[in-house]
Amino acid sequence: MKKALITGIRGQDGAYLARFLIDKGYKVYGADRRSGDSSLWRMKELGIEDRVEHIYMDLLEYINIIDVIKNIKPDEVYNLAAQSFVQASFDQPLLTADIDAVGVLRILEAIRYFSPKTKFYQASTSEMFGKVQSIPQNEKTPFYPRSPYAVSKLFAHWMVVNYRESYNIFGCCGILFNHESPLRGLEFITRKTTDNIARIKYGLKEKLVVGNLDSKRDWGYAKEYVEGMWLMLQQKNPDDYVLATGETHTIRELIEYAFNYIGIKIAWKGKGLDEKGIDKKSGKVLVEVSKKYYRPAEVDLLLGDPSKAKKNLGWKPETKFKKLIEIMMEADLKRVGEEIK
Ligand code: NAP
């Protein structure tokens, strides 16, 4: 039985990947940092909370990481743990760097010294392209990170490349574009939108307040992206891959699609911070813009080119943007409906 260690097991991708690997017959160790029982909800939704062996491992604790790697000697480590919210990284740049940059180096060092045959997956991100240098972005596109989160992830990314080239560590970076699901955290714009709209529908909320409506993102379905992570570690040689859909949409479109799901058509009026989304039928203001949700340095457009993953890994995203929003709306309407029963 192959042994996999997943860090960030309580996060969106951690839960989907654990489910995927358990179905493949892996023994899955879930590394988390003791953040209370409530955050096991994702694993509970996927019915695997008792099928993962939980161990405590914080990316800030080097000896803790050494102990875990030395004792388990996993065949594969998937490093999904991170302070993953871009906006929070502007408020907590040091903590973000310690977890997202140096934390990865701690794991690499532990693997190098105590389990050099362990294969390593690093969760890199399209945010590393930031102020994009070409469109679409692929593995050869130069990086231009625009947040402490993206800069930290870039450090980690190059460390994996460096450990691969210097010490022959089987390390792969998945440069993943945004991927969403009903298991996405509520702070992220997609899930915030679908949750808020479900609450508006049930009369629990008046309006949705967002930042830059014109930001464009390449949004895929998280459940499909975890297979790409696994495929990277099954190849003969380690390498880095972009996982994306090759389609980009604005936040404005996301909001329109999500309202459409509950039968509301949105008309936009005004400009910039004064822009409002209005229910065409009732004339009620349902969307407002706030400076609070703008980043100090914006990332305007992300659009990935997943050709290399398609060619080498045989990986391909199936779920289109509109379908993804429908899946998320359906789940949030059900959740909020049950909450008020
Ligand atoms: P997520 O839901 O925010 O999960 C991240 C997990 O990391 C959380 O469970 C968190 O634990 C854990 N964590 C944070 N600090 C830690 C520490 N010091 N030690 C151990 N664990 C720690 O993120 P996700 O959406 O699943 O994404 C997975 C990874 O992919 C992240 O590294 C993210 O940056 C990267 N990524 C995500 C996307 C995307 O669109 N989702 C795109 C590109 C890259 P708690 O539950 O205790 O807070």
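# Reading a predicted structure, feature by feature

Guide: Pro136 lies in the loop between strand 5 (119-125) and helix 6 (148-167), with helices (H or I, at least four residues) and strands (E, at least two) taken as DSSP runs numbered from the N terminus. The model is predicted, so that local features need pLDDT of at least 70 and side-chain atom pairs count only at pLDDT 80 or more, while totals for chains, interfaces and linings use all residues. Residues are numbered from 1 along each chain as its sequence is written, and side-chain values use heavy atoms, with hydrogens and water left out.

Visitor: Is the peptide bond from Ile135 to Pro136 cis or trans?

Guide: Most residues other than glycine have a negative phi, and most peptide bonds are trans. The bond that joins Ile135 to Pro136, however, is cis, with omega near -5°.

Visitor: Which value does phi take in Lys73, and which in Asn168?

Guide: Lys73, in the loop between helix 3 (62-72) and strand 4 (76-79), has a positive phi, near 45°, although it is a residue other than glycine. Asn168, which sits in the loop between helix 6 and strand 6 (171-176), also has a positive phi, near 65°.

Visitor: Are Lys73 and Asn168 buried or exposed?

Guide: Buried means under 20% relative accessible area, exposed over 50%, and partly exposed in between, with a 1.4 Å probe and protein chains only. Lys73 has 43% relative accessibility and so counts as partly exposed, whereas Asn168, at 69%, counts as exposed. For a buried example, take Ser39, in the loop between strand 2 (27-32) and helix 2 (41-45), whose relative accessibility is 17%.

Visitor: How many residues does the largest nonpolar core have?

Guide: A nonpolar core is a set of buried Ala, Val, Leu, Ile, Met, Phe, Trp, Tyr and Cys residues joined through side-chain atoms within 4.5 Å. The largest one here has 64 residues, and Ile6, Leu17, Leu21, Tyr78, Tyr121 and Phe259 are those with the most contacts inside it. Helix 8 (residues 222-233) gives the largest share of this core, eight residues. A second, separate core of 25 residues includes Tyr29, Leu108, Ala156 and Ile169.

Visitor: Which residues is Leu17 in contact with, leaving aside its neighbours within four places in sequence?

Guide: Contact means heavy atoms within 4.5 Å, and on that basis, with those neighbours left aside, Leu17 is in contact with Ile6, Tyr78, Leu80, Val226 and Met229.

Visitor: How many disulfides does a search of the whole structure find?

Guide: A disulfide is a covalent bond between the sulfur atoms of two cysteines. With a disulfide taken as a pair of cysteine sulfur atoms within 2.5 Å, the search of the whole structure finds zero. The cysteine sulfur closest to that of Cys172 is in Cys173, and because the two are 7.7 Å apart, they are too far for a bond. Both residues are buried, Cys172 with a relative accessible area of 0% and Cys173 likewise at 0%.

Visitor: Which residues line the second largest pocket?

Guide: On a 1 Å grid over the protein atoms alone, a pocket is an open set of points where a 1.4 Å probe fits, with protein on both sides within 12 Å along at least five of seven lines, and lining residues have an atom within 4 Å of a point. Here the lining is formed by Glu45, Pro182, Ile327, Glu330, Ala331, Lys334, Arg335 and Glu338. Its largest share, six residues, comes from helix 11 (residues 321-339).
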